[in-house]
Amino acid sequence: VLALVLTVFPPAGQVIVHAHPKVLTEDLADLAEVDTPGVKVAEVRTSEAEANAASRSEIVETELTFNMIGVVAPEGATALRARTSDGESWTGWTELDLYDDDDGPDVGSAEYEAAEDRLGGGVATEPLWVGEATHLQLEVEGAHVGDLETTLIDAMGSSGGPTVRIYETRPANEADAAEIDVVSRASWGADESLRNGSPRYAREVHMGVVHHTAHTTNLAVANGYSRAEAPGIMRAMYRYHTQSLGWSDLGYNVVIDRFGTIYEGRAGGFERPVIGAHASNFNTGSFGVSVMGNFVESQAPAAALASLEKVIGIKSAIHGVNPEGWTDKMTGTTWRPTIVGHRDVGSTSCPGRIHDRLPEIRKAASQYSMRFPDVSSSSAHRGAILELADAGVTRGCDTNLFCPGVVLNRAQASSFVMRALEIDPLPGSQFTDVPASNVHAPAINALAARGWLIGYDDGTFRPNEQMTRGQLATLLSRALELPPPIGSIEHYPDVAPSHAHVNGINGLSEVGIRGNCGSGRFCPDDLVLRNSTASFVNMVRHHRNPLSLHGSEDEAPEDDLGTLEDPDASDGDVNEEDDTGS
């Protein structure tokens, strides 16, 4: 009965059906099906017998009804063309663009070396979206067609077979509140087993790079795909980038289809400084946004451009980039606009005619580039919040939101303080109710080891208990190693000498770190909110280190030390109490 109920009433959200991944790996003459967790793919290599003297292959008919093709050719190949048929009519010959040194991972990175090993000195083409085909013919200049490695991808379930149902349960109001709705990797059908390794993160982001996917020079196909085909193009590009080119993941950070739908590209988080593989030697410190289609001869649709402006604006806000500004941080010498087209940093025509619209795109993006729009510009806490964000202490509670009125709990406060004061995390478990797997355990352990946090007599920490302003004051005064105040000066009219946290509250006050909840009061028993926590913690940062110097390495560690949000999804400053007075 339970199973029936779950079938009839799936979790709230949109039910999305994708073609079940399947891979075919044989020569063209003898394709055989093998079940694997990928998209349906035929990895094929034409033989000498199938190639004529003009380096044009014979017509090949496959068992696989494919949607995308890609080719790896030996070094020296100068041009590749393909034509396909659905069994009834043929397309014209279509040029397959070759990737060059300005595409892909940064030179010298581990991802670059893996890609070099995968290609073995050969050159790869851009993937070519063909819609639906069963027949293929290839032509090459500068090499022999018998030496071409060809990948055929069915990302639409065109060849039949089972499907997988994915439930997208993200509440719509979260995306609406952030002024952006991003289709998650799970929702467009990313098979996470295809990517290699963990995401890599930059310390800072200085630039956005605009692309088009240019997945075919056949503009009717490139720019005429349906809404249903767009996720298939994502799956096909992802498979080609990872398995055929040897990249660790999809190259672009964000992709936008012609209808304005925004897709999460490379894994690691839309709001994070994920290092992509979209503009070689300009990946670290940039984010890459690509519009799905080929816009060399036509302009991108208005819906796509509107979403492009929004993505650039919100990503710029998250990373502290002025969309209309200039930067020399990417090279140390050359000044460039903070938002550029791929051709501005490489020898390419990308992003086609979108490049002509960049001045107005930058201007429109500025409308979305306010950091944490849910924190009023008149808020007394806004300066501290922005300073902590710039220092990497907080990312907020959701995409470009800070949630200033959310109550902090003990565990989240621990992570917030650990990052703000640049304390090294301490793995393990020091409290019976905080397992080592808890996202906040390293912070709780680190602060407890210093005596800044004290648990309860029963050996628990009670991480989900909400924190009061008095408890936060005691935690921060311990972090500053402040001695108990001398004398009986009344710092706040509502903090009695007998209050459990009087020493912490007054100790902070004596070094100039004061709170005010109105009429000169401290309100020690009120629950502490994210905005006031930011102000308190930032004042403590400056007291410990007046210069507030921060690291400037280009690449950040792979783990992010938490965030200022909910333990499952964000920063660590939203919901945990510290019984700093127990």
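Helices α12 and α14 are roughly parallel to each other. Their axes cross at roughly 15°, and an angle under 35 degrees counts as roughly parallel. The model is a predicted one.

**Helices α12 and α14**
- Two packed helices are described by the angle between their axes and the distance between the axes.
- Helix α12 spans residues 469-479 and helix α14 spans residues 530-544, and their axes come within 11 Å.
- The crossing of α12 and α14 is right-handed.
- On the α12 side, the contact is made by Arg 469, Leu 472, Leu 476 and Ala 479.
- On the α14 side, Ser 532, Thr 533, Phe 536, Val 537, Val 540 and Arg 544 make the contact.
- Sorted by class, the residues in this contact of α12 with α14 are six nonpolar, two polar and two charged.

**Helix α13**
- Helix α13 covers residues 502-510 and is mostly covered, with seven of its nine residues buried.
- The buried residues are Val 502, Gly 504, Ile 505, Asn 506, Gly 507, Leu 508 and Ser 509.
- These buried residues of α13 pack against α12.

**The whole chain**
- The protein chain contains 14 helices and 21 strands.
- Of its 582 residues, 55% are buried.
- Among contacts in the protein chain with a separation of 6 or more, 76% join residues 24 or more positions apart.
- The protein chain exposes about 24,100 Å², and carbon and sulfur atoms supply 50% of that area.

Note on methods:
Residues numbered from 1 in each chain as written. Predicted model: local features only at pLDDT ≥ 70, side-chain atom pairs only at ≥ 80, totals over all residues. Heavy atoms only, no water. Helix = DSSP H or I, 4+ residues; strand = E, 2+ residues; numbered from the N terminus. Buried < 20%, exposed > 50% of the residue type's maximum accessible area, 1.4 Å probe, protein only. Contact = heavy atoms within 4.5 Å. Areas by Shrake-Rupley, 256 points an atom, 1.4 Å probe, with all protein chains shown as cover. Axes fitted to C-alpha atoms, helices over the stretch in contact; angles between N-to-C directions. Parallel < 35°, antiparallel > 145°, perpendicular 65-115°, else oblique. Left-handed = near helix turned anticlockwise from the far one by under 90°. Nonpolar A, V, L, I, M, F, W, Y, C, P; charged D, E, K, R; others polar.
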